[in-house]
Amino acid sequence: MGWNPGDRVGGNIRLLSPLRPGGRTWRATQAGGTVAVTFAAAEVDGLTSEARARFIEAAKIHQTLDHPQLVPPLGFGLAERMPYVVAPFIPGESLAQRLRRERVLPIDQMTAIVGAVASALDHLHGADVIHGDLRAENICLRTPPDGVNGGADEETTSLVVVGLERARRRDGAENHGAEDLVALADIAYRGLLGRPRYEDATNETAHYPAPSALSPFLPAEVDAFFARAFDQTEPFADATALAAAFAASLGATRHVDHLRAEDRHGDDDTEAAPATRPSPERNATGMGEPRHRWLDRMLYLFVGVAALLAGAALARIDGFTLAP
């Protein structure tokens, strides 16, 4: 059924406004506080009994988990035979929203995000639970409190993995969490390079652009990391091992920011390859001598002018919770 502002769910929950297109996830009030309500996704001909059972089972699994990067559910129920989950309302934005606005993230920030998500995944996998729907839309970056500048450390602490409506117990014969690890590598690829591994999700092949081909300042170790992460013939022991290998592969440029995509091109639809600035400690040849100061100034001048041509960033959406 369709939901409308003011509708009551479960007797003590009042829907306020949808948080996402499609009307599955709502900001709501319960006992005077703000919560988020996510309904199960109805199929074309309605919600099947199997889909309803899977959603309820995932909600029960979610209640058994306890990790700072997993948003705790407040409860679940049925309304008009439609299952729903109630969770705390999280002010902020998803990683997908951040990437749509900024295109690529600083390397320090991206490695911190991957590490935080890995910690949550290892907690899930340790409980024999598969997330099953890990993507940038299901990673929430909380809005920092007033007066706090959210850096990499702050956002790592405030990051929450959501979207557990498809969580399931691991089958005994199933490769433990392999799909979640590949999904985490996909998130790392998108955050590092400003584009998904496959531009056309319906036409995925074994071939994808090597990171060093898209960004000439990335070391070959990054290519090797993604080859291992996506190939799965030599899988990482767990998500934390994957995150550590990702950070290690970027060691040569660990403290370097990416140029923002909007700093590189204007409003046309051409997909420009992200570039990473060489480290200030190294010159363009990769040797140890410092670069000339005037070269830094010319680079910053170029970035500033290009940013003015790019236009304003996308508006931030206020609020995020369990993804539809």
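Guide: The charged end of Arg228 sits over the ring of Phe236, 4.0 Å from the ring centre. Such a placement is counted if NZ of Lys or CZ of Arg is within 6 Å of the ring centre and within 35 degrees of the ring normal. Arg197 likewise lies over the face of Phe230, at 3.6 Å from the centre of that ring. The model is a predicted one, in which local features need pLDDT of at least 70 and side-chain atom pairs count only at pLDDT 80 or more, while totals for chains, interfaces and linings use all residues. Residues are numbered from 1 along each chain as its sequence is written, and side-chain values use heavy atoms, with hydrogens and water left out.

Phe230 and Phe236 both belong to a cluster linked by ring pairs, whose other members are Tyr189, Tyr208, Phe225, Phe226 and Phe246. Rings of Phe, Tyr and Trp (its six-membered ring) pair if their centres lie within 6.5 Å; planes under 30 degrees apart count as stacked, over 60 as edge-to-face and the rest as tilted. The count by this rule is eleven aromatic pairs.

One of these pairs is Tyr189 with Tyr208: the ring centres are 5.8 Å apart and the planes stand at 85 degrees, so the pair is edge-to-face. Tyr189 lies in helix H5 (residues 178-193) and Tyr208 in the loop between H5 and helix H6 (211-214), so the pair ties together parts that are 19 residues apart in sequence. Helices here are DSSP runs (H or I, at least four residues) and strands likewise (E, at least two), numbered from the N terminus. Tyr189 is buried, with a relative accessible area of 0%, whereas Tyr208 is partly exposed at 22%. Buried means under 20% relative accessible area, exposed over 50%, and partly exposed in between (1.4 Å probe, protein chains only).

Tyr189 also pairs with Phe226: their centres are 5.3 Å apart and their planes at 80 degrees, so this pair is edge-to-face. Phe226 lies in helix H7 (residues 220-231) and Tyr189 in helix H5, so the pair ties together parts that are 37 residues apart in sequence. Phe226 is buried, with a relative accessible area of 0%.
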